[in-house]
Structure formats: C-alpha cells, structure tokens
Amino acid sequence: MPEPHLLDSPRSRPWPGRVPLPAHRVDALPPRVSVAVVGAGPAGLAVASALWHVGVDDVAVLDAADRSCGRFFDRVDLLKQRVLRSPYEHHPGVEGYRDCELLDFARLHWGLLTEVERREVRMAQAGHRSVVPLDVFEAFCGHVADAHDVAGRSWRARVEELVPGDDGVLVRTDVGEVSARYVVLCQGEERRAAPAGWYGGHWDEPVPADGSLVVVGAGLSAAHLLAEAVAEGRETHWVLRSAEERYQCADVNASFFRPEGRARFTDTSWESRLELMGRHRRASVMFEFRPLLRAAEAEGRLVVHRGALVESVDHGKVRLAGGSVVTGDQVVLALGTTPSIGAGLLPEAVVGAVDGWPDLDPRTLSYARAPRVFAVGAAACMALGPAARNIDGHRVAAARVVGAVAAGLGAPALAGAR
Ligand SMILES: Cc1cc2nc3c(=O)[nH]c(=O)nc-3n(C[C@H](O)[C@H](O)[C@H](O)COP(=O)(O)OP(=O)(O)OC[C@H]3O[C@@H](n4cnc5c(N)ncnc54)[C@H](O)[C@@H]3O)c2cc1C
C-alpha cells in the first residue's frame, strides 16, 4: 500500500537555475498569426511546444491569467497538494521528439531531491508507478516553456468570441482582436456548479482557518481539504454520496493512457463511449490517503457520512435525504470540474454539443462545423477517452492537432522538423 509520506514533498524549495513559468505579455496583440492557442495551461503549453517543433513560430497563446500554467498551480497550491497524481511518464513534452522528459529532468536535479523523491525516480526508471513532486513538475514546465520560446508568444487576454470563416478565425478578446488561420482551444475545466439551493464554499477558494469543517465530495480535492483539516485538529466531517470511498492510483484506468484504451473511443458508438466515460470518469482519491483518513476516522478525528445524499446546503447545515443534518462552521463543496467545450465563444450550432460534449472530428480534433478550430484537453474526451483531460492526454492530442495544422499551413510533418 503506498504510504501517506509520499504526499509530503517540500514545495517551493530553492531551485538554482530554475526558469520561472513565463509571465504573459501585456503589449498589443499581433494583428495576424498562423495559430492562436486559447489557454496557457499544461495543454496550451503542449500545443505551443509542438508547433515550435514544426517551425510554426507566429503563434499567439492567449490566457486570461497572468502567467503560464497559472490556474493549475494556483489550484494545487490552494489545496496544499505537493505531488502530482500522474506518474513521471506523463509529461507535457512533445510526442515524437527527444526533448528532455520529466524523468530525465528529475534525474538532472538529483541533488535537489529528498531521499523519498529519489526512490520514486528509481521506481519510475524501473517501470513502476511513481509520484512526481510539484516542484519538479513546475520547474519542468518552466523548462519546456523556455526551450520552445513560449514566453515570447504568450499574451494576457481573455478570449470572448471566436468567429470562424472560410480562411481563418477572428479571435475577439478583452484587449483587442487577432486574426488567426487556425485556433486551438485549450480551455481546461471550470469548477462544477453546485445544484440550486446549495450554498457553501468551494474547493478552489480559500477555506477560513478556524472552526469545524464539512467537506462534500469524493475526489482528490476533498481528500486534500480533509487531510489538512484533520492535521490542524479541526472537527472534520466527510459527506459522500457513495456507500464506500474509492481509492485509486490514477483518476483514470491506466489502459486509457495507452493506444488500446484510446481505441475504445475510435469507431465505436456514441452510446458505448458515453457509457465508458460515465464508468471511468468517477471521483476517487489517491491510495496514499487511505491509511491517513482511515486512521483519523478510527480515532474519531474524522466523521465519514457514507451513502449520504445531500438535499441542500445552507449556512453550515448540510441536509441529507432521510432528514439528518451535518453541521459545521464551514461547508466546502468539492464537486469536481466540468470541461469547457467552447460554448460561449463559438456559436452554439458550431459547438454542436450533445450530452455536454462538442462535435469533434476524432481524426484531427477539429470542430466538425468549424474545421479551423480544434480542441485539446478535457473537451476532447469523447474522441480520445477519459485520459484527454490529463497531462498525458494533452501530449497525445497536441500531436494530433499540430499534425493537422502543420499540414494545412504547409509546415513539415511533426516527425521531420526541428
Ligand atoms: C487540483 C487538481 C489536481 C490535478 N492533478 C493532476 C495530475 O496530477 N495529473 C494530471 O494529469 N492532471 C491533473 N489534474 C487535471 C488537470 O487540471 C489537467 O491535467 C491540467 O491542468 C489541464 O490543463 P489544461 O491546460 O487543459 O487546463 P488548465 O490548467 O485549467 O488551463 C486552461 C487555461 O485556459 C484559460 N482560459 C480558459 N478560458 C479562457 C478564455 N476564454 N480566454 C483566455 N483564457 C482562457 C484559463 O485561464 C487557464 O489558464 C488536476 C486537476 C486539479 C483541479
């Protein structure tokens, strides 16, 4: 059983030579580019880096936040998450190139790692599951951005509308317009909205430091909030809908990171893909939390309300079906995320949403009704499977999209360029 101490990597340690994640430019946007990438998270980073390899340099990465991968690191840091859930082999490098990969990068910084972290590197080298410190991942993302000149091509701009045309796409932002021949949407996921009548805090907001805490939700964010509250000695309640919490290494079955798993989303019916998504995209907690949370429960420091259907949440009161009420000074809703699929930016008819998923061409990940617009990240789940929302899936999706964009621009095929 993986142990809780694996979760405890130091964060923000001194890292000599580290290239920080680029701050976004605030000067005027270029009027015209070959490719506009909407979103500078790990997915946008993978796309911009892959474009660099095929020699497409006039790229504008547009993000509402002020630095690359800002939303990802803000979220994990708020939760005090110190390690990735995904292993070393999942990295936002570029498929098909011998760039320095995440594992190589960790080995190159051996002297900065703790003994526990070094053991995880050895585990990865031996082909076993491994745990990646966030410090290593953040420094690596900075390296990837630097190596592919992402900083020079990233602007702070909130994209408000995309107007697809025959020859290109007009990108309207809060700070001006860009005309692009192709657009790649890498918007990530928004916090899942709470049902009507539920009033509480949310997992991606700061939690007030005092008093008792009730956490509603069954995923990794819930586990981080609970572990922190228990460590602080607060009275802590965990409300979960299922009869039993689910502990898993990854949030997605490992086969979906491999070609045979992705093949289950190729040429299969919409219904069977939908069924797979429903079955495999379920909240779960990293195994390392199990001893910690079980011990807290056995010692009475954590009260777990299993099989608890929430009816309403209001002013610290969580009302359950059947009439019982769980109370706390703060209630935090950790209900997960929903993929951004281009709705609100593209016309509704272009998104063509069915069951919450956009209508994409699975070969290229372009929108079926706007072939110059592509989606990478969670929005591509019905084409690539549930791993599309993970770091590893971004790399696979980026290769597919950049191959199609490069062909359209007459750039070299991905495998033959720099
Ligand atoms: C707490 C937490 C931990 C996670 N841990 C892991 C893990 O260990 N391994 C893993 O593989 N995955 C993990 N994930 C999933 C993870 O979110 C993704 O792998 C990764 O962040 C997704 O990258 P992304 O670029 O698609 O989205 P994001 O990181 O969310 O980036 C999307 C970007 O798009 C920008 N954006 C959106 N709309 C617009 C707009 N209209 N205009 C301009 N900019 C816009 C946002 O500002 C944001 O910066 C985790 C998720 C969470 C919430």
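## The ligand and its closest contacts

An oxygen atom of the ligand sits 2.8 Å from a polar backbone atom of Ile391. That is a polar contact, meaning a pair of N or O atoms within 3.5 Å; within protein, one must be able to donate a hydrogen and the other to accept it, and residues adjacent in sequence count only if both atoms are side-chain atoms. Ser86 also takes part, with a polar side-chain atom 2.8 Å from a nitrogen atom of the ligand. Pro42 uses its backbone instead: an N or O atom there lies 3.3 Å from an oxygen atom of the ligand. On its own the ligand has 970 Å² of accessible area, and the protein covers 90% of that (Shrake-Rupley method with a 1.4 Å probe; for residues, only the protein chains shown count as cover).

Before going on, a word about the model. It is predicted, so local features need pLDDT of at least 70 and side-chain atom pairs count only at pLDDT 80 or more, while totals for chains, interfaces and linings use all residues. Residues are numbered from 1 along each chain as its sequence is written, and side-chain values use heavy atoms, with hydrogens and water left out.

## Who else is around the ligand

Which residues come nearest to the ligand? Out of the 26 around it, they are Asp63, Arg85, Ser86, Val159 and Ile391. Here, being near means that one of a residue's heavy atoms lies within 4 Å. Sorted by class, this shell holds 13 nonpolar, eight polar and five charged residues. Ala, Val, Leu, Ile, Met, Phe, Trp, Tyr, Cys and Pro count as nonpolar, Asp, Glu, Lys and Arg as charged, and the others, Gly among them, as polar.

Helix H1 (42–53), strand E2 (59–63), helix H2 (70–78) and helix H12 (391–409) are the elements that give two or more residues to the shell. H2 has the largest share, with three residues. These labels come from DSSP runs, numbered from the N terminus: helices are H or I with at least four residues, and strands are E with at least two.

## Strands side by side

Let's look at an open sheet made of five strands, in the order E8-E15-E9-E10-E11, with parallel pairing. Strand E8 (201–202) and strand E11 (302–305) are at the edges with a single partner strand each, so one side of each has no neighbour in the sheet. Two strands pair if DSSP finds at least two bridges between them. Strand E10 (residues 236–239) and E11 run parallel and are joined by four bridges. In that pairing, His237 stands opposite Val303 in E11.

Elsewhere, strand E4 (residues 159–164) and strand E5 (residues 169–173) run antiparallel, with five bridges between them. A hairpin of four residues takes the chain from E4 to E5. Glu161 has Arg172 in E5 as its bridge partner.

For Cys100, the nearest cysteine sulfur is that of Cys141, 12 Å away. For Cys381, the nearest is that of Cys186, 14 Å away.

The cut-offs are under 20% relative accessible area for buried, over 50% for exposed and in between for partly exposed (1.4 Å probe, protein chains only).

Glu120 belongs to helix H4 (residues 115–125) and is buried, at 5% relative accessibility. Its side chain reaches the backbone nitrogen of Val131 at 2.9 Å.

Ser154 is in strand E3, and it counts as buried too, at 0% relative accessibility. A polar atom of the Ser154 side chain lies 2.7 Å from the backbone oxygen of Val150.

Most residues other than glycine have a negative phi. Asp149 has a positive phi of about 50° although it is not a glycine. You'll find Asp149 in the loop between helix H5 (134–147) and strand E3 (154–156), partly exposed with a relative accessible area of 41%.

Asp355 also has a positive phi, near 55°. Its place is the loop between helix H10 (348–351) and strand E17 (360–361), where Asp355 is partly exposed at 49% relative accessible area.

Note on methods: Disulfide = S-S within 2.5 Å.
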